[in-house]
Amino acid sequence: MIRLDRLTKSYAGQERPAVDDLTLEVPEGKIVVFVGPSGCGKTTTMKLINRLIEPTSGRIHLADEDVTKIPVHELRRRIGYAIQQSGLFPHQTVAQNIATVPGLLGWDKKRVHARVDELLDMVGLDPDTYRGRYPKQLSGGQQQRVGVARALGGDPQVMLMDEPFGAIDPLNREALQNEFLKIQSKLRKTIVFVTHDIDEAVKMGDKIAVFAEHGNVVQYDTPEKILAEPASEFVTDFIGAGAAVRRLSLTKLGTVDVPLWPTVPESASAEEQQDAAADSDREFVVVLDEDRRPVGWLPSDGGTRLPLISPLGPGTSLYDALDEMLAVNASALTVVDDIGRYRGVVSLDTLRTLIHTNGGSGLLQGART
Ligand SMILES: Nc1ncnc2c1ncn2[C@@H]1O[C@H](COP(=O)(O)OP(=O)(O)OP(=O)(O)O)[C@@H](O)[C@H]1O
């Protein structure tokens, strides 16, 4: 746990403090994301936590220890720091970079070597291919991965990540975010993560702190709450017009009620199938095999059976469902359970209803807990 208590930092020559009387707690094992406009004091707050700079006043506690009482070199080992553009040492190999903190900790060579390989594996880089390379022989995304591996090097309790994926193209960025969340689900570090990107904040954060100017946190809550109930106009402006769509990404199909469109067994005769379709109050009936797995759509206007495209599993987010509908140009897709059995149909109408029910609370019911 990290506790910031009435933290203030004034830089020389500045009229107002960069961080002014900030109190905030980062829970153990969670990711807290700092978002806010440029110059609002996010990076300053991070640097205060690991004492790259010293506060003008206020306290910072790590678990129950006052960080000003912890020797700086020890603090740096206990807090991993990953920054934009990776911050790798250019004249050191990937292995040497990752070994920085284990080396400081005095681990023997064999243990360091094993740790380097373990971390490279963890961030999705083949150790044999990459350990001997220099940073300039890596792509931007690979450098960021090494930066994250280096920050994890000494198995720190706490990680500070200052726009760690900021300089990466959207596709690689998403891959890195997903991998990092997977790593975090196992390691459960206490993490402060800075980003400019509200989508990244919603995706990565257990909680989000929205900063206004001078390290003023105007809302500190779960992503769901911030998107659904922004505390002020400032927060509304910051999260922007796409808030409803963003909420879709937090809700999984497995947690919402989807309408059951009529079905007909594949084993039924052609005539029975046509009758079922004609009687349907929907545009289609869903054809199911003997295990209740959807295998096709039968139009109610008497048309021929259409193949079934991409049934969606319970772990699919509503956002991904919408994405898929747009990709395959279908206004409805079938939803299945873990083992592929029919659960219902999600359509554009379903999504619209969920977004608009009680100002979005239809979505919140299904959101992460
Ligand atoms: N070393 C310094 N000396 C003087 N002023 C500084 C120093 N570092 C930062 N500042 C000022 O403190 C304020 C907060 O800066 P900080 O870097 O913490 O903001 P930020 O929220 O991280 O911004 P960004 O999103 O652009 O990185 C800014 O007004 C900045 O100009």
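**Sheets and helix packing in the predicted model**

Strand 1 (residues 2-9) and strand 4 (residues 57-62) run antiparallel and are joined by five bridges. The model is predicted. Within this strand pair, isoleucine 2 stands opposite leucine 62 of strand 4. Both strands belong to an open sheet of four strands, ordered 2-1-4-5. The pairing in this sheet is antiparallel. Strand 2 (19-26) and strand 5 (65-66) stand at the edges. Each has a single partner strand, so one side of each is left without a neighbour in the sheet. Strands of a sheet pair through backbone hydrogen bonds, either parallel or antiparallel.

A second open sheet also contains four strands, in the order 11-12-13-14. Here the pairing is mixed. Strand 11 (263-265) and strand 14 (306-307) are the edge strands, and each pairs on one side only. Strand 12 (residues 284-288) pairs with strand 13 (residues 294-299) in the antiparallel sense, over five bridges. Valine 285 has leucine 298 of strand 13 as its bridge partner. Valine 287 has glycine 296, also in strand 13. Strand 12 and strand 13 form a hairpin with five residues between the strands. In this hairpin, arginine 292 takes a positive phi near 65°.

On its other pairing, strand 13 meets strand 14 in the antiparallel sense over two bridges. Tryptophan 297 stands opposite leucine 306 of strand 14. Strand 13 and strand 14 also form a hairpin, with six residues between them. The turn includes glycine 302, which has a positive phi of about 90°. Helix 13 (residues 270-279) lies across strand 11, strand 12 and strand 13 of this sheet. Its direction is at about 65° to strand 13.

Helix-helix packing was examined for helix 7 (residues 140-152) and helix 8 (residues 170-187). Their axes come within 10 Å and cross at roughly 20°. Angles under 35 degrees count as roughly parallel. Helix 7 and helix 8 are therefore roughly parallel to each other. The crossing of helix 7 past helix 8 is right-handed. From helix 7, the contact involves Gly141, Gln144, Arg145 and Val148. These residues meet Asn172, Leu176 and Phe180 in helix 8. By class, the contact has three nonpolar, three polar and one charged residues. An α-helix has 3.6 residues a turn, so residues three or four places apart point the same way.

Helix 8 itself has 18 residues. From its first C-alpha to its last, helix 8 reaches 25 Å. This span is close to the 26 Å expected at 1.5 Å a residue. Arginine 188 follows helix 8 and has a positive phi, near 50°.

Notes
Residues are numbered from 1 along each chain as its sequence is written. This is a predicted model: local features need pLDDT of at least 70, side-chain atom pairs count only at pLDDT 80 or more; totals for chains, interfaces and linings use all residues. Axes are lines fitted to C-alpha atoms, for helices over the stretch in contact, and angles run from 0 to 180 degrees between N-to-C directions. Angles under 35 degrees count as roughly parallel, over 145 as roughly antiparallel, 65 to 115 as roughly perpendicular and the rest as oblique. A crossing is left-handed if the near helix is turned anticlockwise from the far one by less than a right angle, and right-handed if clockwise. Two residues are in contact if their C-beta atoms, placed from the backbone, lie within 7 Å. Ala, Val, Leu, Ile, Met, Phe, Trp, Tyr, Cys and Pro count as nonpolar, Asp, Glu, Lys and Arg as charged, and the others, Gly among them, as polar. Two strands pair if DSSP finds at least two bridges between them. The expected span of a helix is 1.5 Å times one less than its number of residues.
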